[in-house]
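Let's take a walk through this protein together. Have the sequence and the model at hand, and we'll go from one part to the next.

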Amino acid sequence: MRLTETADIWWKNAVVYCLDIETFFDTDGDGRGDIRGLSQRIDYLAELGVTCLWLMPFYPTPDRDDGYDITDFYGVDSRLGTHGDLVELITLATDRGIRVIADLVVNHTSDQHPWFQSARASRQSPYRDWYVWRDEPPADADKGIVFPDKETSLWQYDEQAGQYYLHQFYKQQPDLDIANPAVRDEILKIIGFWMQLGLSGFRVDAVPFLLDTKGAQDAGRLPRPHDYLRDLRAFLGRRDGQAMLLGEVNLPYKDTRRFFGDEDGDELTMCFDFIGMQKLYLSLARSEPAELVKALRERPEPPEEAQWGTFVRNHDELTLDKLTDDEKQEVFDAFGPEKTMQLYGRGLRRRLPTMLGNDQARLKMVYSLLFSMPGTPVLFYGEEIGMGENLEIEGRNAVRTPMQWTKGLNGGFSEADPDDLFRPMVEGDLSAESVNVADQRRDPDSLLNWIKLLIQRYRESPELSWGHCTILDPGVPSVFAHRSDYEEGTVVALHNFAAEPTEVKLAVEGAAAGLRVADLLSGTVTEVGTDGTLRHPVDAYGCCWLRVLHPGDRYLV
């Protein structure tokens with residue numbers, strides 16, 4: 001084992017679980033989840049195998065963008081609980097081996113934030129230049145709009161201020177001026193405050209937007225953007241050498257790679273693999289993995305102590321913005337043919353089970369792929385039981401419905417009157433009546449128990465998280481095959497994207513006698529030919545994790 005491959009680099013083989021506190025579990029009957037509710041369900045996450053809990057924004061907010069419009073970066077929304085409740089949650093999680101990270105949303109504030117209220121009131125306000133102002137909007141004010149169904153410009157005139165302010169997201173979210181040293185210092189204070197309360201890092205929201213100085217009157221005050229990221233990472237390391245930054249960077253691979261930093265990995269610890277995710281859906285639409293294979297071959301290696309974050313679904317729309325128009329239409333046709341299922345013409349507001357017709361074999365194959373691909377797997381709450389969406393809810397909130405715990409009232413989420421829930425439940429075939437934690441815990445063939453198995457095997461297999469990945473040619477177009485090698489261990493994973501069973505032929509070793517492969521998911525053992533060639537069946541939408549066993553090996557299988 002090399003010196004860097006130690007337990008303090010915990011993100012290399014973490015299992016990250018993202019949730020919104022207000023959708024998880026309600027203890028006071030007001031129809032909204034709360035921190036105490038999450039604390040009461042922390043053993044569920046431990047049982048699942050989660051090692052890192054990512055909390056979506058819990059800060060005070062007018063809630064005009066699901067909590068991403070913040071009025072106090074140091075506060076806890078009183079509807080969710082108190083600082084004391086949060087510290088208790090972090091303590092309970094830590095006792096169970098679960099680290100806690102939170103969203104760091106410092107590209108903008110709410111327009112109700114005291115900083116902005118002061119800034120708009122007077123040009124002499126100390127907070128005036130914490131935001132980006134202009135007397136007239138630039139000629140390209142309508143370029144790069146993130147929410148084209150809601151906004152027509154990146155600049156909004158403020159009557160009280162007598163100027164236009166920049167907002168790269170909604171107009172109620174004025175951008176902070178990152179070129180201002182006082183703003184940068186404040187961001188460090190915010191990070192330091194929450195780390196002092198026990199957080200192990202942050203998921204950094206919209207990183208490229210955060211570092212964009214468009215419109216700033218004196219952008220020259222800002223160090224080069226990547227130097228600023230290095231400063232953030234260095235500060236984090238001084239406070240806690242094991243803390244991490246997980247970045248939302250949806251850019252082409254060559255641009256995303258820069259956000260890791262140099263070979264030392266001195267910027268973001270992890271970056272989400274948006275390209276791989278989008279190519280996965282294109283491959284699923286085509287029932288063959290060629291596009292995913294191409295993406296993984298093109299994906300640059302991160303620095304040794306950094307990692308890609310892999311995911312099937314997240315809390316936003318399922319963006320397809322890096323696909324061509326024709327490719328995007330293929331995915332729309334396969335998984336979201338109705339306009340109500342699409343968003344902004346660039347993505348889908350659906351969860352995976354509804355897209356796949358709730359085909360359990362196919363669902364299990366996709367999650368097997370998630371946990372065996374190189375990278376750190378990230379789950380969005382409810383994925384483990386196959387929750388669906390509610391398309392009656394506006395926009396991206398369609399996939400942010402309350403967690404489904406039981407068949408009972410409101411799926412066991414809350415004792416409030418259903419009309420008083422802050423957001424409606426999923427209805428139809430994937431309602432809590434048929435999809436819930438309680439039923440699936442008792443069903444050995446459930447998706448929940450399948451994902452528990454995947455997590456257990458993933459955590460037992462250092463080859464998958466620490467090893468070198470090689471894409472293999474299985475000789476069958478519908479099968480994705482790769483091997484991961486670490487020290488003396490090898491795991492070969494097979495995933496069939498098609499609805500027909502098949503057989504693969506792979507060279508797994510040189511000529512040798514007595515080789516076998518043991519499927520870590522089923523326990524079956526198969527002999528390898530003396531020439532080192534393996535012939536192995538793969539079911540329709542089947543998957544196998546095959547550990548190569550030499551005579552005398554003592555691996556657990």
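A salt bridge here is a side-chain nitrogen of Lys or Arg within 4 Å of a carboxyl oxygen of Asp or Glu. Keep that in mind for later. What you're looking at is a predicted model, where local features need pLDDT of at least 70 and side-chain atom pairs count only at pLDDT 80 or more, while totals for chains, interfaces and linings use all residues. Residues are numbered from 1 along each chain as its sequence is written, and side-chain values use heavy atoms, with hydrogens and water left out.

Let's begin with the whole chain. The protein chain has 16 helices and 22 strands, taken as DSSP runs numbered from the N terminus (H or I, at least four residues, for helices; E, at least two, for strands). Its radius of gyration (over C-alpha atoms) is 24 Å, close to the 24 Å that the globule rule (2.2 Å times the number of residues to the power 0.38) gives for 557 residues, so the protein chain is as compact as a globular protein of that length.

Now for the domains, with bounds from an automatic or database domain assignment. Domain 1 covers 3-107 + 179-458, domain 2 covers 109-175 and domain 3 covers 467-549. Between the centres of domain 1 and domain 3, taken over C-alpha atoms, there are 31 Å. Their contact (heavy atoms within 4.5 Å) takes 27 residues from domain 1 and 19 residues from domain 3.

How many salt bridges are there between domain 1 and domain 3? The count is zero. The two domains bury about 1900 Å² between them, 72% of it on carbon and sulfur atoms; buried area is the accessible area (1.4 Å probe) that two parts lose on being put together, summed over both. On the side of domain 1 that touches domain 3, the elements that give two or more residues are helices H9 (274-286), H10 (290-298), H13 (360-372) and H15 (447-460). H13 gives the largest share, eight residues.

Salt bridges do turn up elsewhere: the count by this rule comes to 39. In one of them, the side chains of Glu394 and Lys150 meet at 2.5 Å, N to O. Glu394 lies in the loop between strand E14 (376-380) and helix H14 (437-441), and Lys150 in the loop between strands E4 (133-134) and E5 (155-158), so the pair ties together parts that are 244 residues apart in sequence.
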